[in-house]
Amino acid sequence: MELLKSLTHPSELRALVQYKFLGGQNAVMPKLDCDALSPGMKRCYQLLDATSRSFSAVIQALDDDLRPAICIFYLVLRALDTVEDDMTIPVEEKVPMLKQFHTYLYDPQWSYMNSKEKDKAVLEEFPTISTEFRALKQRFQEVISDITCKMGNGMCMFLQDEVVTMAQWDEYCHYVAGLVGIGLSQLFSASGLESEEVGRDQRLSNSMGLFLQKTNIIRDYLEDTLQGREFWPREGWSKFGRKLTDFQQLENREKAVQCLNHLITNALQHIPDVLEYLSRIRNQSVFNFCAIPQTMAIATLALCYNNPRVFTGVVKIRKGQAVDLIMQSTNMANVEAIFARFADEITANISVSDDSSQETSAIVNKVKKLCPHGNDPSSPSHKASLVGVVTIASLSAILYAYWSNYHRL
């Protein structure tokens, strides 16, 4: 059971109790009242829930008219991504679909009924999504259409070509994630909830997307390679092995881990931009929306660093840890403390014999210097030690009873 994994982590137990029983979930990610929504918008939120429950929760917690705009933005890009991922669509059919996808936003009839992907509903019900898109304010429509156009064209560049160089890795991640960060920032500014500067600075917005995308690519090595997909850049892995799939073999594990550490070190280079971006966000709901995925990402990279399990199974942070991060990622001081804590964890696992050790040490030290609240006694890592053994036992009993009954429902 996931709960048992958090028994030796007091802050996680406290966060689980606060989140489930003491109003924590409603404070950070309040549920949306769907009764006042149009049938079409209500269905869009249902599709959002079905395609990504984690993103659905943070999107529904956003303020004002930004909420439906980002909901539609996510669903449009999910539909586009579903076309790209569907290997049953011939390339000669897929390329024009990707390039023209932004035009389907203005076609009330367009849908695609032949997808075999798990998220095919967003294509089959695209008329509902596009109707709600056209109901958005014009300034939101312009951002969503522009990003969809750029992303569709960018995806075509990598449909049949592998990612070879590290520069191409950045370019690929820009098209599939950096553009999302840029679009989101422009929507934040267009809503009036954030300054124009947030939407203008595309370098920082791009880094927000690249940090998340590289984290996912690194973590999902085994799942992707088993499905015949390779997203690790050849320039990054070829110095450690003959084939990327060779890293699954036990005899290649030492080199595989060195390659893993090399790519993680590359991803860590985006953290200074991430911290600068977050420091500019003023609206609380937007800050939560942006900060939570980033703290999850640094936690995931710290778990993956120097970890051979990346090549043998699924590596993911504990649910209790995820809830703790959700509860803590609500202000810049806490975010800095979280980044500093996981930078320390990475530092503790750096081996001097690792090819990237000096570069890794340099970037994690830079991150720690950028996080002045990292050693703050009120930070999450320090507060955790204040929870006593009796409290832990009590919380464990409460949670065990709750989840035992929940799973019987």
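How many residues does helix H4 have, and how far does H4 reach from its first C-alpha to its last? Helix H4 (residues 39-51) has 13 residues and reaches 18 Å, close to the 18 Å expected at 1.5 Å a residue. The structure also holds 15 aromatic pairs.

This is a predicted model, where local features need pLDDT of at least 70, side-chain atom pairs count only at pLDDT 80 or more, and totals for chains, interfaces and linings use all residues. Residues are numbered from 1 along each chain as its sequence is written, and side-chain values use heavy atoms, with hydrogens and water left out.

**Helix H4**

- Helices are DSSP runs (H or I, at least four residues), numbered from the N terminus.
- The expected span of a helix is 1.5 Å times one less than its number of residues.
- Gly40, Met41, Cys44, Tyr45, Leu47, Leu48 and Thr51 are buried in H4 (under 20% relative accessible area, with exposed over 50% and partly exposed in between; 1.4 Å probe, protein chains only).

**Aromatic rings**

- Rings of Phe, Tyr and Trp (its six-membered ring) pair if their centres lie within 6.5 Å; planes under 30 degrees apart count as stacked, over 60 as edge-to-face and the rest as tilted.
- Among the 15 aromatic pairs, Tyr172 and Phe231 have ring centres 5.7 Å apart and planes at 20°, so this pair is stacked.
- Tyr172 lies in helix H11 (residues 166-191) and Phe231 in the loop between helix H14 (221-226) and helix H15 (234-237), so the pair ties together parts 59 residues apart in sequence.
- Tyr172 counts as buried, at 7% relative accessibility, while Phe231 counts as partly exposed at 22%.
- Phe211 and Phe339 form a tilted pair, 6.5 Å centre to centre with 35° between the planes.
- Phe211 in helix H13 (residues 202-219) and Phe339 in helix H20 (residues 332-348) are 128 residues apart, and both are buried.
- One aromatic cluster is formed by Phe101, Tyr104, Trp110 and Phe126.

**Charges over rings**

- A charge sits over a ring if NZ of Lys or CZ of Arg is within 6 Å of the ring centre and within 35 degrees of the ring normal.
- Arg139 lies over the face of Phe140, 5.4 Å from the ring centre.
- Arg341 has its charged end over the ring of Phe342, 4.8 Å from the centre.

Definitions and conventions:
Helices (H or I, at least four residues) and strands (E, at least two) are DSSP runs, numbered from the N terminus.
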